[in-house]
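Take a look at the chain below.

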Amino acid sequence: IHHTNVVDVIDLGEEGGTVYQVMPLVEGDSLARLLHAMTEAAPSSKVPRSVAARIVVDTLRGLHAAHETRGGRDGDGPPLGIVHRDVSPQNILVGIDGVAKIADFGVAQVTASLAEEAASGAPKGKLSYMSPEQLAKGDVDRRSDLFSAGIVLWELLAGVRLTPVAAKRARAGEPIASPRALDATVPAPLADVVMLALAATAADRYATADAMADALESAARGCGLALSTKEVASWAATHATKTLTRRREQLAEALGTIAAAATASEVPPKSTVTSRPRALVLGAVAAAAFVVLAGAAVAAATAFRSTNGQHPASTRPIPRTDEAPQVVVSTSLVVPPAPIASAPAPSSSTASSAPPAVSAARAPKRAPHPKFANPYAR
């Protein structure tokens, strides 16, 4: 069953002898939990009628999709006659996006197997939401789900629970009281839809869930109610936050218990007193290895400089003071080194202005390029 208002099954598998279903996550909560959170916060509060109508309309649309499911590989076979049999606030999920979905087809059956189960076993579902024919183990079809949906709508409008006694009385032919008998402000068109769905005889109810949804939408709009998912989203988010917070607290408590049990079952760690000497020994070994490697690196560097004609810094000869310093000029032309010619010492009168004499054998002067007056301008 694939529909917007149905929590469909993505996959089916088995693990360790247990059969499981993979279903999408609905971010929100069940209608039952939301109602409980609302009454906890304000015991006299009620669900807004537009919100109640929108939730039940979505539920009916999902039920109609289930009722219309066909067999065959491509869904082109005969109708399967699926009946949910457990329509209740616990199985209606309301997302914080404002969309309600019908869930938990765990006790759903096709028409072919309903008669066999009715004759051999107890009726399946919740007693408070069973139809009269379901309680009597009689013939059950899609109209039984409409009776259950009618009870859900009755409770949302009246603001109280409908006891199982009312359903038993309906089986005996006694009518169920209108929600207007408990709350006179309930619009009459909405109450009429509820009472038609709660007819004691299945033939007197709506023929399909789609027909009941159309009638409910028309009645709500006739009363000036806007069936907006945005309003449902706001209502659900307000009360789902409380339930989700409580759920997170319970999860944290459970995880703490599991962690405590796991810690108690673990082998206690070794004493830190015995582990400290081991750490000191390892540290000393690492330091010694570092020193050895550093010494080897220094020795290798010294040997490398010696083989290249360079003296170590500690044995390098001190230059003589009577030798003229060598002048190195960086040019693009490589010139072999030449000895520096000795020059007479300058007189005291010209010592401050005359530049020091340099070798005449320096690199020969090249004629400057006509474009450049300075040879270093390149």
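## A tour of the chain

Arg85 sits in the loop between α2 and β4, where β4 covers residues 92-95. The model is predicted. Arg85 is not a glycine, yet its phi is positive, at about 70 degrees. Is Arg85 buried or exposed? Arg85 counts as buried, because its relative accessibility is 8% and the cut-off for buried is under 20%.

**The chain as a whole**

Now step back. The chain has 378 residues, and 30% of them are buried. Its secondary structure comes to 10 helices and 5 strands. The accessible surface is about 23700 Å². Carbon and sulfur atoms account for 59% of that surface. Next, consider the contacts between residues at least 6 apart in sequence. Of these, 64% join residues at least 24 apart.

Asp58 belongs to helix α2, which runs over residues 49-67. Its relative accessible area is 6%, so Asp58 is buried. Which residues does Asp58 touch, leaving out those up to four places away in sequence? They are Asn5, Gly98, Val99 and Ala100.

Leu153 is in helix α5, residues 142-158. Leu153 is buried too, because its relative accessible area is 1%. Leaving out residues up to four places away in sequence, Leu153 touches Ala52, Val56, Val194 and Leu216.

**Two residues with more surface**

His2 is found in the segment before β1, and β1 spans residues 11-15. Is His2 buried or exposed? His2 is exposed, because its relative accessible area is 68% and exposed means over 50%. The side chains of His2 and Asp8 are joined by a polar contact of 3.2 Å.

**Apart in sequence, and in space**

Some of these residues can also be paired with a partner elsewhere in the chain. The table gives each pair's separation along the chain. It also gives the distance from C-alpha to C-alpha.

| Pair | Separation in sequence | C-alpha distance |
|---|---|---|
| His2 and Ala66 | 64 residues | 8.6 Å |
| Ala211 and Arg61 | 150 residues | 9.5 Å |
| Leu153 and Leu190 | 37 residues | 9.1 Å |

Helix α2 turns up again here.

**A pocket**

How much space lies in the second largest pocket? About 340 Å³. Its lining is made of 12 residues. Ile1, Asp8, Val9, Gln21 and Phe105 lie nearest the centre of this pocket.

What kinds of residues form the lining? It divides into 6 nonpolar, 4 polar and 2 charged residues.

Methods. Residues numbered from 1 in each chain as written. Predicted model: local features only at pLDDT ≥ 70, side-chain atom pairs only at ≥ 80, totals over all residues. Heavy atoms only, no water. Helix = DSSP H or I, 4+ residues; strand = E, 2+ residues; numbered from the N terminus. Buried < 20%, exposed > 50% of the residue type's maximum accessible area, 1.4 Å probe, protein only. Contact = heavy atoms within 4.5 Å. 1 Å grid on protein atoms, 1.4 Å probe; cavity = no way out; pocket = protein on both sides within 12 Å on 5 of 7 lines; lining within 4 Å. Points joined across faces, edges and corners; volume = space filled by probe spheres on them. Nonpolar A, V, L, I, M, F, W, Y, C, P; charged D, E, K, R; others polar. Polar contact = N/O pair within 3.5 Å; in protein donor to acceptor, adjacent residues only side chain to side chain. Areas by Shrake-Rupley, 256 points an atom, 1.4 Å probe, with all protein chains shown as cover.
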